[in-house]
Amino acid sequence: MLRDEFDAILVGALGDPRVADGRHARDILLGIRFELDLYVNYRPVVLFDARLCPLKGRGPSDIDIAIFRENTEGVYVGVGGRVKPGTEDEIAIQEDVNTWKGVHRIVRYAFEWARAHRRARVCMTDKSNAMAQGHALWQRVFREVAPEFPDIQATHQYIDALVLQMVRDPAQFDVIVTNNLFGDIITDLGAALQGGLGMAASANVHPGRTSMFEPVHGSAPPLAGKNVANPMGAVLSAGLMLATLGLAEEAEAIEHAVRHVVAAGIGTPDIGGTQGTTEVGDAVVSAIVASQHGQVSPKDSGAWGLEPGPAGSSASPGGRE
Ligand code: IPM
Ligand code: MG
C-alpha cells in the first residue's frame with residue numbers, strides 16, 4: 001500500500017519500551033527499507049551553529065558531511081541462525097551479505113551526488129583489512145567506479161581510523177560511503193557532531209520510487225509526553241522529503257527556517273535551549289512564514305537536499321516516476 005498509493009513516506013520516531021527487544025521498530029523501519037528497496041540512506045551531518053558541537057573550536061565550516069549508508073544489505077539482511085540456543089553450546093551466525101550490484105549502486109550514487117553538489121571528495125570506509133571477503137568487494141567496486149569521476153578525489157579509510165578522524169578532524173570529509181552497519185554507527189557519531197540525535201535527519205531513497213524519510217533518532221521513551229523532544233530532526237527530514245519530491249524551494253524554506261531558529265538561540269533542552277517541542281515547532285513555522293514575506297533573507301543552499309540529485313543511472317528502469 002505504501003509503495004502503490006503514496007508519493008513519499010514520512011515516518012515519526014517509533015519504538016516502545018513495552019516491546020522488549022525493539023522488534024517492531026526493526027520490523028517496520030527495516031521492513032520499509034528492504035521491501036521498497038530503498039538502497040540509499042542519506043544522512044547529512046550539518047552543523048548549524050558552533051555552539052551545538054561538542055568538539056572544541058569547531059564551527060559550521062568544519063562539519064558538513066554527506067553520509068551515504070548502503071541500506072539493503074550487509075548484516076541487516078537477517079541471514080543466519082542459532083544452533084542449540086540457550087545452551088553453552090550455542091552457535092550464533094549472522095551473515096554479512098555484500099553483492100556487486102548492491103555495492104555498485106550505492107558507491108555510484110555517492111559519487112553522482114558529490115558531482116551534482118560540487119563536493120571535492122568521496123571517502124569509502126570499510127574493514128577490508130580484517131573482513132577480507134565482503135570488503136574486498138567494496139574495494140573492487142570503489143576502484144571500478146572512482147575513475148568515472150576524475151573530478152572527484154576518491155579516498156579510503158578503514159572504519160576504525162575513520163571514526164578517530166571524524167572526531168579529530170571532521171573538516172577533511174565531504175562525502176562518506178559505507179555499508180549498512182558501519183553507516184548506522186558513524187551516523188550516530190555524526191549526529192553527535194551536529195548537536196545530538198535530535199538534530200539529525202535522514203532519507204531512505206530509491207530514485208524514482210516511493211521513498212521514506214525519518215529522523216535518525218528513535219522514540220526516546222523517557223521524553224514522551226513532556227514537550228521536551230527536539231522536533232528539528234523530524235522537521236529537517238520532512239525537508240529532505242520535499243527536496244526529493246522536487247519541491248526545492250519548499251525544502252529550502254524548511255532548512256533555512258531551522259537554521260534561523262537555531263541561530264536565534266531557540267531550541268529544546270538537548271541543544272541548550274529552554275523552549276518546548278511545541279514552541280520550537282511554532283518558531284520554525286513563524287520563520288517560514290516570515291521568509292515568505294521577505295523578513296528572513298534566504299541564504300545560499302543546495303548543499304542539503306537530494307535534488308538536483310544524481311541523474312539517470314541510479315534510477316531503476318522499473319521505477320515509478
Ligand atoms: C537507525 C536505527 C535502526 C538501524 C534500528 C532501529 C534498527 O538505529 O535507523 O539508525 O539500525 O538502522
Ligand atoms: Mg542507528
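Predicted model: local features only at pLDDT ≥ 70, side-chain atom pairs only at ≥ 80, totals over all residues.

Author: Among contacts between residues at least 6 apart in sequence, 74% join residues at least 24 apart. The chain has nine helices and 10 strands. Its radius of gyration is 20 Å, close to the 20 Å that the globule rule gives for 321 residues, so the chain is as compact as a globular protein of that length. Its C-alpha trace spans about 60 × 50 × 45 Å along the principal axes, and 46% of the 321 residues count as buried.

Now for the pair itself. Two packed helices are described by the angle between their axes and the distance between those axes. Here the partners are helix α3, residues 100–116, and helix α4, residues 134–145. They pack at an angle of about 45°, with their axes 9 Å apart. Angles under 35 degrees count as roughly parallel and 65 to 115 as roughly perpendicular, and α3 and α4 are therefore oblique to each other. As for handedness, the crossing of α3 and α4 is right-handed.

Which residues make the contact? From α3 come Trp100, Val103, His104, Ile106, Val107, Arg108 and Phe111. Facing them, α4 supplies Leu137, Trp138, Arg140, Val141, Phe142, Glu144 and Val145. Sorted by class, the contact of α3 with α4 has 10 nonpolar residues, one polar and three charged.

Technical notes. Residues numbered from 1 in each chain as written. Chains lettered and ligands numbered in written order. Heavy atoms only, no water. Axes fitted to C-alpha atoms, helices over the stretch in contact; angles between N-to-C directions. Helix = DSSP H or I, 4+ residues; strand = E, 2+ residues; numbered from the N terminus. Parallel < 35°, antiparallel > 145°, perpendicular 65-115°, else oblique. Left-handed = near helix turned anticlockwise from the far one by under 90°. Contact = heavy atoms within 4.5 Å. Nonpolar A, V, L, I, M, F, W, Y, C, P; charged D, E, K, R; others polar. Rg over C-alpha atoms; globule rule 2.2 N^0.38 Å. Buried < 20%, exposed > 50% of the residue type's maximum accessible area, 1.4 Å probe, protein only.
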